[in-house]
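I set out to record what I looked up in this structure, entry by entry. The entries follow in the order in which I made them.

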Amino acid sequence: MEYQSTRGGQSGISSARAIITGLASDKGLFVPKTIPELSSYELAKLASCGYIDAAKLIFSKFLTDFSQADIDECVKGAYSGTFRCDEITESVRLTAKLDVLELWHGPTCAFKDVALQALPRLMVKSLQLEKENKKVVILVATSGDTGKAALEGFKDVDGTEIVVFYPREGVSEIQRRQMITQEGANVRVCAVEGNFDDAQNAVKTVFADAGTQKLAAARACLLSSANSINWGRLLPQIVYYVKTACALSSDGERINFAVPTGNFGNILACYYALRMGAPIGKMICASNANNVLTDFIRTGVYDRNRHFFKTLSPSMDILISSNLERLLYELSGHDAKEVSGYMAQLAESGRYEVSDEIKSAVNELFFADFCSDLETQRAIRGLFESFEYVCDTHTGVAYGVYNKYLAQCHDGARTVIVSTASPYKFPRGVLAAFAPERCGELSDDYSALSLLSTLAHTSVPAPLSGLSSKPVLHESTIKPGEAKSYVASILGE
Ligand SMILES: *Cc1c(COP(=O)(O)O)cnc(C)c1O
């Protein structure tokens, strides 16, 4: 399987090279030249096999330059003993027509674990296949979830090091604690004075700095990132859509998925699963008040020139959904010139309008709507009152939008709500939704965890319950301008 850039500047690239490189040289994203289709025999097998076997099969369709032994090793390393149970993702039946797919039983309690447990292994294997005798040094700027999931994924993986920068004023107490207590011989965590943009700009400056790149090369290191545009992060997400759709469908019935969406990575994986032949119906794209995707799917106009809201679902507070570029490439019939045109307009004016062909294809595939924070809170409360099921604030957005879909479309199809975080990851927002009168008594995030546990009759997940007593291992703080010398000192060791 060859990979090519959505902007036409690179083609004939191996999957290993695409994973090592991340972003194509023309700033496009790597996509497979064709999307492999699953045979009816394979689809039947996927309906009943275990998660690890499903991952091996789907990975092998896209990573044809990897041997089956290579793939087996990556998959086993990623999914053996790292999640709460061997099934990795867990489906909860609410009604005959509605399931919740919990993707957050990994080490950091958010769905990003599914991809970030696999990416480091795929990256190390890719370096070997491409005979790059180098160590990868991953630099990550995080607003919360990604940093911790990347740390857990890369921790103690031979041939890698990881440095995570987080904004000192911009992550929750629990998120900060998760990161500064991180164990592992190859990890570093560093606070940056300022907000997320300051941390992100600091990391971008390091990547763009010729001196740092030269030093890295001299030390046989390769600087890379772990963000969601890397093909090695998207691929692992296809597995749970194919598997869930196959397992739930009978007699060819198509399953809808409602996905809380930010960067468009998770829902794009659903689209790839559909194209591979999984029995998937409508893809319901759920946004919060940052509803740039809702407008795009309804009108064909993408316009990021709007107010940026900080919401109760912070991992979806995004105005540029990078992975949408891959969908545009598919729906334009691989027209790199057309895609480049849209992206140039986005860079220049923050806005583009797609062709009528793409508009109608998008409409056929997706339903889109959004929830305000108030609507999300109502959805969380409604879900609890109807089913005694407590969901996090991101999943709450998906459930709220699913209800809007039902009201408008009267579709009787079975639907899966994709649940992207444990409610314990965002305990204050969840409590504010279904027990607002109790929020006054919370002295800190830890008391929110225990109150939520009491009210929801579930226990705090192990990765979060011991946090307050774990030793702090990372205490550095730098100014944004010091990121370069900080990385240089690590490379110099
Ligand atoms: C990252 C994240 C999302 C958004 O996923 P995308 O792939 O960026 O669309 C949703 N919910 C949670 C909890 C997340 O961490």
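Predicted model: local features only at pLDDT ≥ 70, side-chain atom pairs only at ≥ 80, totals over all residues.

Residues are numbered from 1 along each chain as its sequence is written, and side-chain values use heavy atoms, with hydrogens and water left out.

**Entry: the ligand**

I looked up the shell around the ligand and found five nonpolar, eight polar and two charged residues. Of the 15 residues around the ligand, K112, G262, N263, N266 and T420 come nearest.

I then looked up polar contacts, meaning pairs of N or O atoms within 3.5 Å; within protein, one must be able to donate a hydrogen and the other to accept it, and residues adjacent in sequence count only if both atoms are side-chain atoms. K112 places a polar side-chain atom 2.5 Å from a ligand oxygen atom. For G262, a backbone N or O atom lies 2.7 Å from an oxygen atom of the ligand. T420 has a polar side-chain atom 2.8 Å from a nitrogen atom of the ligand. The ligand taken alone exposes 390 Å², of which the protein buries 96%; accessible areas come from the Shrake-Rupley method with a 1.4 Å probe, and for residues only the protein chains shown count as cover.

**Entry: helix α12**

Helices (H or I, at least four residues) and strands (E, at least two) are DSSP runs, numbered from the N terminus. I took buried as under 20% relative accessible area, exposed as over 50%, and partly exposed as in between (1.4 Å probe, protein chains only). In α12 (residues 265–275), nine of the eleven residues are buried, so the helix is largely enclosed by the rest of the structure. Among the buried residues of α12 is N266. Just after α12, I found G277 with a positive phi of about 110°.

**Entry: T6**

I located T6 in the loop between β1 (3–5) and α1 (15–21). T6 counts as buried because its relative accessibility is 0%. Its side chain makes a polar contact of 2.7 Å with the side chain of E325. Beyond neighbours within four places in sequence, T6 is in contact (heavy atoms within 4.5 Å) with residues including G28, R326 and Y329.

Key
Near = heavy atom within 4 Å. Nonpolar A, V, L, I, M, F, W, Y, C, P; charged D, E, K, R; others polar.
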